[in-house]
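Please open the structure in your viewer and keep the selection tool at hand. We will go from one stop to the next, and at each stop you will be told what to select and what is there.

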2 protein chains.
Amino acid sequence: MTAELILNRRDLDFQIFEVNDAEALTQRERHADHSRETFVAALDAAMAIAADKFFTHNRESDEQEPEFDGKRVEIIPQVKDALQAYCEAGFIAPTQDYDLGGMQLPVLMGQAFSAIFKSANAATNSYVGLTIANANVINRFGTESQKKRYLPHMLSGRFFGTMCLTEPQAGSSLSDITTAAVPQGDGSYRLTGNKIFISGGDHELSENIIHLVLARLPGAPAGVKGISLFIVPKFMVNDDGSLGARNDVALAGLIHKMGWRGTTSTMLSFGEKGQCYGELIGQPNQGLAAMFHMMNEARIGVGMGAVMLGYRGYLASLQYARERPQGRRAGSKDPNEPQIKLIAHADIRRMLIAQKAYVEGGLSLGLYAARLVDEQKTGPDETKREEAGLLLELLTPIVKSWPSQWCLEANSLAIQIHGGYGYTREYPVEQFYRDNRLNMIHEGTHAIQSIDLLGRKVVMQQGAALELLGREIAATVKDASAYETLSANADALTIAWSNVVQTVKALAPLLKEKGELALANSVVFLEAFGHTVVAWQWLRQALVATRALKDAKGDDEINFYRGKLHTCAWFFDWELPRCKPQHELLRSLNDSTLTMQDAWF
Amino acid sequence: MTAELILNRRDLDFQIFEVNDAEALTQRERHADHSRETFVAALDAAMAIAADKFFTHNRESDEQEPEFDGKRVEIIPQVKDALQAYCEAGFIAPTQDYDLGGMQLPVLMGQAFSAIFKSANAATNSYVGLTIANANVINRFGTESQKKRYLPHMLSGRFFGTMCLTEPQAGSSLSDITTAAVPQGDGSYRLTGNKIFISGGDHELSENIIHLVLARLPGAPAGVKGISLFIVPKFMVNDDGSLGARNDVALAGLIHKMGWRGTTSTMLSFGEKGQCYGELIGQPNQGLAAMFHMMNEARIGVGMGAVMLGYRGYLASLQYARERPQGRRAGSKDPNEPQIKLIAHADIRRMLIAQKAYVEGGLSLGLYAARLVDEQKTGPDETKREEAGLLLELLTPIVKSWPSQWCLEANSLAIQIHGGYGYTREYPVEQFYRDNRLNMIHEGTHAIQSIDLLGRKVVMQQGAALELLGREIAATVKDASAYETLSANADALTIAWSNVVQTVKALAPLLKEKGELALANSVVFLEAFGHTVVAWQWLRQALVATRALKDAKGDDEINFYRGKLHTCAWFFDWELPRCKPQHELLRSLNDSTLTMQDAWF
């Protein structure tokens with residue numbers, strides 16, 4: 001069954017309905033037409049399309065990557081078919097307003113749908129994932145006229161969208177971008193400049209492509225305070241929605257990647273003929289803030305993408321381990337006994353539990369973040385809305401970075417379980433490993449996430465977000481402590497969190513005067529913080545499972561919950577202890593990286 | 001300069017001459033014709049061929065992998081050119097006897113040459129690497145007639161060799177191989193069976209291919225005690241060395257891999273027509289012991305291969321980090337300042353130091369193992385010879401596994417330093433990452449190494465090898481303690497080693513009665529043991545550097561030694577502390593992987 005290789009539906013339902021109480025959201029006015037049944041029906045529909053249309057060409061779109069013949073980009077036809085089915089079923093706008101053609105579903109559900117499609121085919125899903133993020137920016141910052149001109153076509157899938165930030169000479173350093181936008185008398189702008197690594201930057205999968213482009217106005221301040229955001233369509237859009245002339249945006253070339261090959265990654269050249277039309281969106285010099293509206297969502301999306309590649313690999317290796325006979329149990333070497341299945345070996349189970357811990361922990365984290373977005377957007381209590389926003393800001397670097405690191409590790413374990421076969425292209429797992437390696441890089445590298453977390457998020461508003469997360473964790477700890485089977489883990493989480501707080505106390509005072517020293521080991525902080533947050537997510541899941549187990553009926557249900565409890569315990573025994581030496585290193589203010597000299601390499 | 005991207009020659013010279021005192025070997029009769037000058041000349045020659053002939057087609061042999069048209073295997077011509085130059089210069093037999101056409105160089109030097117070629121082109125080097133290992137088995141176990149028939153042609157590069165262990169249904173479980181060998185009246189055998197993942201199993205790079213094949217004699221005991229070893233040539237070899245008829249060995253297909261694409265990986269079918277000629281080599285049912293003679297060497301070779309892929313990535317990312325301007329220092333965000341080079345960022349330097357620590361630590365370990373082989377083979381003192389053999393047995397699983405894990409991590413860091421560019425095929429680092437992922441799998445997976453280490457090596461001869469390594473480490477600690485700058489690291493190593501010993505004491509008594517529990521977490525032991533051994537290697541290097549620094553002349557020399565000292569300190573501060581929680585887990589006899597149920601996944 002294909003569906004069983006995409007994700008464990010029981011797990012998804014658990015996370016949505018039991019851990020994150022999706023049903024409670026149907027009490028809110030925005031979602032009043034919905035019920036558990038409509039949620040389930042939509043999940044079923046997503047699974048069906050993902051299995052029939054996305055899963056089926058995942059390897060082919062890796063093997064036959066997009067090609068540019070100098071005129072048009074050739075992509076295997078299954079990609080367009082899949083995206084058409086996706087858009088027709090409404091998955092491009094599930095969370096949008098009814099009057100925009102959306103279904104007014106919670107963001108939690110939107111992320112769950114995305115998760116399904118990402119698992120089935122990460123590359124094909126990228127085209128619409130970017131379009132959704134782009135449409136959200138236009139919806140939030142666009143004028144009425146801009147919304148009218150672009151949004152309906154994006155939310156129907158007629159136009160796709162991109163985000164154009166990176167430039168060849170600037171890389172991660174957005175303050176150094178040089179693309180220029182010059183105002184014309186008519187309120188429009190003419191852009192000139194080059195962008196690189198633009199996913200979905202050119203193709204013929206949709207009638208038009210709407211680029212959101214960071215550029216500078218004449219005389220704008222240097223650095224990030226002089227960046228504005230522009231809408232730049234591939235084809236001009238007439239008032240009636242029909243397409244006009246080709247805009248002066250040229251595909252300078254496709255980039256050939258290690259993985260994620262099904263998504264075109266492009267170099268785009270704006271205004272080679274001096275005729276690149278653009279529209280300012282939002283306020284002048286406020287482009288980065290607008291883009292970050294999109295980036296935060298994109299970062300959750302990246303984290304979820306990493307989770308789902310990990311999930312695919314986990315399920316593939318689980319299936320393989322259950323089917324493949326290999327060797328005998330340690331200590332019973334009698335060659336006349338029949339071989340046992342791979343899964344009976346302790347080390348294979350280690351690698352399966354680790355994968356389960358990483359991918360289900362990551363999924364829990366990503367869906368929790370999505371639930372926070374719902375709380376922030378539609379929560380009935382203003383304080384809770386603000387708190388949700390604060391938590392979300394704090395957790396976004398973790399939601400993005402933790403799965404990018406650990407679900408990639410999961411993919412490596414999936415290969416290892418397959419042995420030599422896993423290293424071949426006859427099996428799917430090597431592709432997931434190649435695909436997933438991107439996620440630590442794009443939408444803000446690992447280091448950038450770590451500087452965001454330690455340099456900004458944990459100290460913002462005098463540490464208000466950190467304190468709030470501490471309270472949330474303490475609440476879970478309190479509940480878990482009531483159960484004998486969870487109390488040791490609850491205690492360990494308390495210690496782990498207090499270690500985070502102590503480290504922040506040691507480093508935060510240095511941020512202003514000795515910023516370089518305070519931030520020198522920020523990636524170590526990101527990792528220790530991330531593991532602590534995911535331990536918390538596991539304890540949340542274990543708490544729900546413990547309560548549910550009491551009344552669980554049937555072997556399948558009991559086994560499911562026991563699996564959650566066992567994996568939670570595993571994470572606390574095997575993973576959380578990694579943090580202690582990390583905190584010790586951080587608090588020692590180790591300056592190895594600063595004192596190392598170039599000439600010593 | 002290509003040479004500077006292959007390896008840091010200063011480092012190689014340091015490891016060979018200063019850490020491992022290669023010159024002392026010239027005192028031995030076998031190497032009496034040699035001197036530092038001949039060693040250096042041979043290294044220079046290897047560097048020149050590696051740079052001109054191997055380095056130059058590394059990407060091409062990845063992009064244009066070998067193809068099988070049903071008749072012959074097509075490989076880009078640069079591979080044959082390179083191997084020809086290699087063989088003509090004598091690098092296929094540098095350590096062999098003069099009368100076999102060799103140069104009687106120490107194994108230490110042989111591994112150094114291999115390191116150079118592996119860095120330049122891992123895939124192309126495989127063909128000859130396997131041939132050298134194969135020839136060593138024939139030399140050690142073959143009859144005079146077998147040696148005469150095959151060896152000279154292998155050591156001239158006219159014939160290449162393979163090792164045929166794995167079968168599709170058996171994988172790592174060698175006791176389950178079923179390839180059969182039936183004796184004919186004439187002393188020869190006829191083989192039937194299938195082998196998989198045979199590197200270099202077919203090609204036209206050499207005139208002939210000599211397969212070493214594990215198979216069973218009729219009535220042989222089940223399991224590994226019933227395995228014999230056979231020489232199976234692709235073409236029969238006449239007494240005068242000319243080629244006879246094609247033997248009944250067929251290429252059933254090429255395997256397409258994630259990386260290491262330049263080396264053919266094959267499925268071979270022996271005896272489809274019932275006419276597959278083979279010769280028994282060594283004693284009946286003693287094949288595994290003979291093969292392990294080769295495997296131990298192959299495992300050191302795998303470890304060194306992993307090191308050198310890591311080394312290539314390190315040097316590529318170092319060059320990139322020195323050249324690429326990007327962003328500004330943390331805390332000085334003025335966008336009007338010029339961008340700084342990547343290498344000026346703390347996190348980039350973290351990733352460079354980590355790579356340096358992994359690859360130079362791995363190189364030190366691999367060359368130390370090679371030096372032990374020399375001691376074992378040509379050492380003047382019998383006790384020392386035996387001790388060298390014992391140390392080698394103990395360390396082989398680490399030499400193989402540690403670089404496979406950590407130099408792969410180095411390759412991931414090399415990609416990360418390149419940012420988005422690193423993920424593209426326009427830069428070399430993504431290939432190293434793909435290539436290196438193989439090394440945790442072939443020649444005994446990570447888990448198999450760990451069971452070998454914990455289940456066999458640390459307890460063999462009542463722990464004699466472990467005790468011996470402890471004495472070696474204690475000697476380094478004692479020397480290092482005399483230097484104020486090294487004494488803290490020496491103390492840390494003492495504690496780390498005593499942790500290893502304590503863990504062995506806790507687990508060893510369980511091996512017999514509770515083997516499954518004792519070995520359940522053996523991979524964790526492998527990792528903790530490995531990090532401790534590499535910490536020791538770093539302290540050995542730091543000790544030599546400390547002594548040399550006193551009299552070092554010129555900035556280059558001083559900087560080189562300071563780099564060693566800084567990186568040693570980094571390894572102790574950043575890496576060694578990982579071991580403590582690992583030992584705690586091991587001693588707690590955590591049984592998560594055993595109690596986890598299949599139905600809970």
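Which residue of chain B comes closest to the rotation axis? Before you look for it, bear in mind that this is a predicted model. Select chain A and chain B together: a rotation of 180 degrees, with 0.0 Å of shift along its axis, superposes chain B on chain A with an RMSD of 0.0 Å, and that is the relation of a two-fold axis. Now select B:R578, which is the residue of chain B that comes closest to this axis, its C-alpha lying at 3.5 Å. The same surface serves both copies, since 100% of the contact residues of chain B recur in chain A.

Staying with chain B, select residues 346-378, which form helix α11. Its 33 residues should span 48 Å at 1.5 Å a residue, and because its end C-alpha atoms are 47 Å apart, the two values agree. This helix of chain B is mostly covered, with 31 of its 33 residues buried.

Next, move to chain A and select residues 163-270, where an unreviewed UniProt entry places the feature "domain: Acyl-CoA oxidase/dehydrogenase middle". This span is 0% helix and 46% strand, and its end C-alpha atoms lie 14 Å apart.

For the last stop, select A:T396, which you will find in helix α12 (residues 382-418) of chain A. Is A:T396 buried or exposed? A:T396 has a relative accessible area of 4%, and therefore counts as buried, the cut-off being under 20%. A polar atom of the side chain of A:T396 lies 2.5 Å from the backbone oxygen of A:L392. If you leave aside its neighbours within four places in sequence, A:T396 is in contact with A:N296 and A:R299.

Conventions
Residues numbered from 1 in each chain as written. Chains lettered and ligands numbered in written order. Predicted model: local features only at pLDDT ≥ 70, side-chain atom pairs only at ≥ 80, totals over all residues. Heavy atoms only, no water. Helix = DSSP H or I, 4+ residues; strand = E, 2+ residues; numbered from the N terminus. Buried < 20%, exposed > 50% of the residue type's maximum accessible area, 1.4 Å probe, protein only. Polar contact = N/O pair within 3.5 Å; in protein donor to acceptor, adjacent residues only side chain to side chain. Contact = heavy atoms within 4.5 Å. UniProt positions renumbered as here; feature names shortened; annotations may be inferred. Expected span 1.5 Å × (residues − 1). Least-squares fit on C-alpha atoms with pLDDT ≥ 70 in both.
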